[in-house]
Amino acid sequence: MPRPITATIHLSALRHNLRVARQCMPASKVWAVVKANAYGHGLERAMRAFDDADGLAMIETEAAARLRELGWQKRLLLLEGFFDASDLPLLSRLKIDTAVHCDEQIDMLARAEPGMKVDVHLKMNSGMNRLGFTPAAFRGAWERLRALPAVGNITLMTHFANADDVLNPGLPLREQLSRFAAGTEGLPGERSLSNSAAVLACRELASHWVRPGIMLYGATPGGRSAREYGLEPAMTLESEIIGVQQVAAGESIGYGSRFTATAPMTVGVVACGYADGYPRHAPAGTPVIVDGVRTVIAGRVSMDMITVDLTPVPQARVGSRVELWGRSLPIDEVAGAAGTIGYELMCAVAPRVRMAED
C-alpha cells in the first residue's frame with residue numbers, strides 16, 4: 001500500500017470559484033491565473049476546471065506551451081513576460097500574449113524576425129515597485145511598442161499592492177488608481193487591473209480584464225475568510241494516524257523536546273511532514289482534524305511525521321483519518337497559525353504526495 005497521504009483536488013470547487021469571480025465583476029473578461037502548476041493543483045486539472053475562463057495566465061513559458069499541447073484554444077498570457085529573445089518565435093507561433101515591463105523586452109521585440117506578431121500587456125509600476133514602467137515613462141514605452149511591426153494589440157496593465165487593505169498608509173489603492181489613470185490618459189487599449197483581492201473587495205473597479213488567482217483555489221489574500229466570500233476549498237490534504245503513544249506528564253515530544261506534556265496525554269503520529277510540504281515552522285497548537293474532531297499539533301513538525309494531541313479524540317487509532325487542511329479546515333487558518341499564507345502551503349505540496357481529484 002502507498003503511504004497514506006493524499007491531496008484531493010475538487011474540480012467542482014474550482015469551477016464554483018471561477019463563477020464567483022465572474023459574479024463579482026460580470027462585465028469583465030477573466031484571466032484565470034494558473035502559475036506555479038495552478039498553485040499546486042495541477043495544470044491539466046485547472047485547464048479542465050477553468051474551461052469557461054476567457055484566458056489562462058501564468059509565469060512559465062513551458063507551461064503555456066504545454067497548455068497548447070493539451071488543447072487549450074483560448075488566450076494565454078505570460079504575466080512576467082518573456083525572458084529571452086529566443087522565446088519570441090514560440091510566442092508568435094502559439095499565439096501567447098506577453099507582459100512587457102522593461103526597456104530590454106522592447107529592445108528584443110524591436111529585433112524580432114520579420115513576420116512575428118505578439119500581443120502585449122504593457123505593465124505600469126503604479127507603486128508596487130517590482131516590475132513595470134513608471135507612470136511618467138509609460139507613454140513613451142507605449143509609443144515605442146506601437147511602432148514595432150512585431151507588436152499586435154497592446155493591453156494596459158498594473159498590479160495592486162494593497163487591494164485587500166485599500167486604506168493602507170504606505171500605498172492606498174486610490175493612489176495606485178490615480179497614477180494608473182494619469183499614466184494611461186488618452187491611450188487606447190483594454191485595461192487589466194484587478195487581482196483576487198480587488199475582485200473580491202473592490203467590485204466597483206471593473207475593467208476589461210480581471211486576473212483572479214488565489215480566490216480560484218478557495219483561499220483569500222486577506223480580509224474576510226474564503227467562506228464569507230462564498231469560496232470553496234479546492235484542495236484537501238489528508239493522511240492517517242500511523243502510530244499512537246501514551247505520554248506521561250513531564251515528558252517531551254519530538255525534536256528539540258520543545259513540547260512538554262503538562263498531564264498524561266495520548267499522542268497520534270501522522271504520516272505527513274515538511275518533506276510533504278507541511279510547514280516545518282507550524283507551532284504546537286496548529287489545528288488539525290482527526291476523525292472529524294478538531295485538535296492540534298503537539299511537538300515540532302519533522303520531515304515525515306507530525307504529532308497531534310488525541311485527548312479530544314479518544315476513539316482515534318492507527319488508521320484514523322487526518323485532515324491537514326481542506327473542506328473541514330480552511331487552508332488560510334492553518335497558514336495563519338503557521339505564520340504564513342495559503343498560497344505558500346498550496347504551492348509547497350511535494351511531488352511525493354499522491355494527487356487525486358473528485
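The largest share of the lining of the largest pocket, 3 residues, is contributed by helix α2, in a model that is predicted rather than experimentally determined. Helix α2 (35–39), α9 and α11 (342–348) each supply at least two residues of this lining, helices here being DSSP runs of H or I of at least four residues and strands DSSP runs of E of at least two, numbered from the N terminus. The lining comprises 28 residues, of which K35, Y39, R130, H159 and N195 lie nearest the centre of the pocket, and the volume of the pocket comes to about 640 Å³. A pocket is taken as an open set of points on a 1 Å grid over the protein atoms alone, with protein on both sides within 12 Å along at least five of seven lines, whereas a cavity is a set of points where a 1.4 Å probe fits but cannot get out; lining residues have an atom within 4 Å of a point. Grid points are joined across faces, edges and corners, and a volume is the space filled by probe spheres set on the points. By class, the lining of the largest pocket has 17 nonpolar, 5 polar and 6 charged residues, where Ala, Val, Leu, Ile, Met, Phe, Trp, Tyr, Cys and Pro count as nonpolar, Asp, Glu, Lys and Arg as charged, and the others, Gly among them, as polar.

Residues are numbered from 1 along each chain as its sequence is written, and side-chain values use heavy atoms, with hydrogens and water left out. Local features need pLDDT of at least 70 and side-chain atom pairs count only at pLDDT 80 or more, while totals for chains, interfaces and linings use all residues.

N195, one of the residues nearest the centre of the largest pocket, is placed in the loop between β8 (191–194) and α9 (196–201). N195 is buried, with a relative accessible area of 13%; buried means under 20% relative accessible area, exposed over 50%, and partly exposed in between, with a 1.4 Å probe and protein chains only. The side chain of N195 reaches the backbone oxygen of F160 at 3.4 Å, a polar contact being a pair of N or O atoms within 3.5 Å of which, within protein, one must be able to donate a hydrogen and the other to accept it, and residues adjacent in sequence count only if both atoms are side-chain atoms. Leaving aside its neighbours within four places in sequence, N195 is in contact (heavy atoms within 4.5 Å) with H159, F160, A163 and R211. N168 lies in the loop between β7 (151–158) and α8 (173–184) and is likewise buried, with a relative accessible area of 18%, and its side chain reaches the backbone nitrogen of G170 at 2.8 Å.

The chain contains 11 helices and 18 strands, and 8 of the strands close into a parallel barrel in the order β2-β3-β4-β5-β6-β7-β8-β9. Two strands are treated as paired if DSSP finds at least two bridges between them. Strand β2 (residues 29–33) is largely enclosed by the rest of the structure, because 4 of its 5 residues are buried. It is joined to β3 by 3 parallel bridges, with W31 opposite G55, and to strand β9 (residues 209–210) by 2 parallel bridges, with V210 as the bridge partner of V30. Strand β3 (residues 55–58) in turn pairs with strand β4 (residues 75–78) in the parallel sense over 4 bridges, and here G55 stands opposite R75.

The second largest pocket has a volume of about 210 Å³ and is lined by 15 residues, of which G218, A226, R227, P233 and P330 lie nearest its centre; these 15 residues include 7 nonpolar, 3 polar and 5 charged. The structure also holds 1 cavity of 30 Å³ or more, and about 50 Å³ of space lies in the largest cavity. The lining of this cavity is formed by Y217, G218, P233, A234, M235, W325, G326, P330, I331 and M346, of which 8 are nonpolar, 2 polar and none charged.

Q315, in the loop between β16 (306–309) and β17 (321–325), is partly exposed, with a relative accessible area of 47%. Beyond its neighbours within four places in sequence, Q315 is in contact with D291 and V293. For the chain as a whole, 54% of the 358 residues count as buried, and the C-alpha trace spans about 75 × 45 × 35 Å along its principal axes.
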